[in-house]
Amino acid sequence: MSLSQIARSIKGSPTLALTEKARILREKGDPVIHLGGGEPKSRAPIEAIVAAANNLNSGEVRYCAADGIPELKAAIIRYMDEHYHRKFAPENIIASSGAKQSVMIALQAILNPQEEVIFPVPHWVSYPDMVKLCGGIPVPVLAEDGSFYPRIQDIEQRVGSYTKAVIINSPNNPSGAMYSEEFISDIVQFCEKRDLYLIMDDIYHRLIFDGKKPINCYDYAKDKSENSKLIVINGVSKQYAMTGFRIGWTAANKKLVEVMANIQGHQTGGPSVVLQKAGAAALNGIQSDVENLRVTLENNRNVMIDYLNSFEGVHVTKPDGTFYCFADFSNYEKDSTKLSNFLIDKVQVVTVPGIEFGMEGYLRLSYCGGIKDVREGIERMKWALDPNSPNELYIGDRKLVRDWS
Ligand SMILES: Cc1ncc(COP(=O)(O)O)c(C=O)c1O
């Protein structure tokens, strides 16, 4: 079959594929534990559900402007004021069908073929393929010390004449690392100085632990004008547990937002009005759901870290936020895809191979499910990987026997 070069250069989302695999196994009756997921299990805020239902009940669900309905834009403007202390005009904001689309259209708006986009490793699975979809070249950068915390020198060294943009995702999927204030300040100023776009993917910015406060990139920006190349992306998926509502947004200079709206207008049009109403209601509603989720995640993180620390041979860095932990399992198996498949096949625990995030030997484990899943999932993994484990393990009334060494 004749397919485009771009189509042939990208692969499907491994995380979506694993979620589908877990669903199929569950349907077959397998006792799957999904530690590969990327969505909180709590309910969406009630205000969001009511707003969506009201709009549906009206029976008049129509097209809207490509950049979103005024009601959602007003809620986003309020959010950006409250959490970033920046007063934006509606023309600085575009709502999209998830932060995923926000990142995608931002890249489409700024990239020419062969231009490079730098992002720290480990990185969200989608960045390399999104850049390739625009004809660009992804440049993943591992911190020189091998840690999850890049330094400005690491980025600086990779900037060349083809570099167009840097993407920063902190707190980070998959490591949970929240980059230091010093790094954020350095990268904002560096990008300004070098006239590079800086995309801040802040989708997890309030899901942080140990009393940490979100870092606001605008605090370090000197250029507050409409020439600023600072792009902030956020959404309701993670913090409001609204992944299926598909509402994200971008705040950027007016010209860029106009171009992004043109692109989105030809791709999908504005996001579904039903879901935009829900997004606006979540942003305007009582915010206790976000804090409740954050506290639950911090607790789950603590449980996961305790369990992993008792796992001899596994190295973990305590996540500062998100709902992921990126642990080094290379003492057991260097090929993370092989290891992830082994864990699904032998003990029905779903994890995501580190290679998908740019680091081999690691697995991404999510703690967005219940504590029971975290505890049982890691116990099963330990049983499967530790050669000194007892020969048998019961999952409910199902007996597993180790037939591997
Ligand atoms: C780092 C990062 N950015 C963006 C997204 C996309 O979020 P949304 O559900 O709003 O499309 C995700 C989702 O997993 C993510 O982890």
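Which residues of β12 are buried on one side, and which on the other? Keep that in mind while we walk through this predicted model.

Two ground rules come first. Residues are numbered from 1 along each chain as its sequence is written. Local features need pLDDT of at least 70, side-chain atom pairs count only at pLDDT 80 or more, and totals for chains, interfaces and linings use all residues.

Start with the overall layout. The protein splits into domain 1 (5-43 + 288-401) and domain 2 (46-284), with bounds from an automatic or database domain assignment. Their C-alpha centres lie 27 Å apart. Domain 1 puts 32 residues into the contact, and domain 2 puts in 31 residues. Here, contact means C-beta atoms, placed from the backbone, within 7 Å. On the domain 1 side, α11 gives the largest share, 7 residues. Helices (H or I, at least four residues) and strands (E, at least two) are DSSP runs, numbered from the N terminus.

Now to strand β12 (residues 362-366). 5 of its 5 residues are buried, so the strand is largely enclosed by the rest of the structure. Buried means 20 or more other C-beta atoms within 10 Å of the residue's own, with C-beta atoms placed from the backbone. Tyr362, Arg364 and Ser366 lie on one side. Leu363 and Leu365 lie on the other.

Who are the neighbours? β9 pairs with β12 in the antiparallel sense over 5 bridges. Pairing needs at least two bridges found by DSSP. Asp328 has Tyr362 as its bridge partner in β12. Strand β11 (residues 352-353) also runs antiparallel to β12, joined by 2 bridges. There, Val352 partners Arg364.

Key: Contact = placed C-beta atoms within 7 Å. Buried ≥ 20, exposed ≤ 12 C-beta atoms within 10 Å, placed from the backbone.
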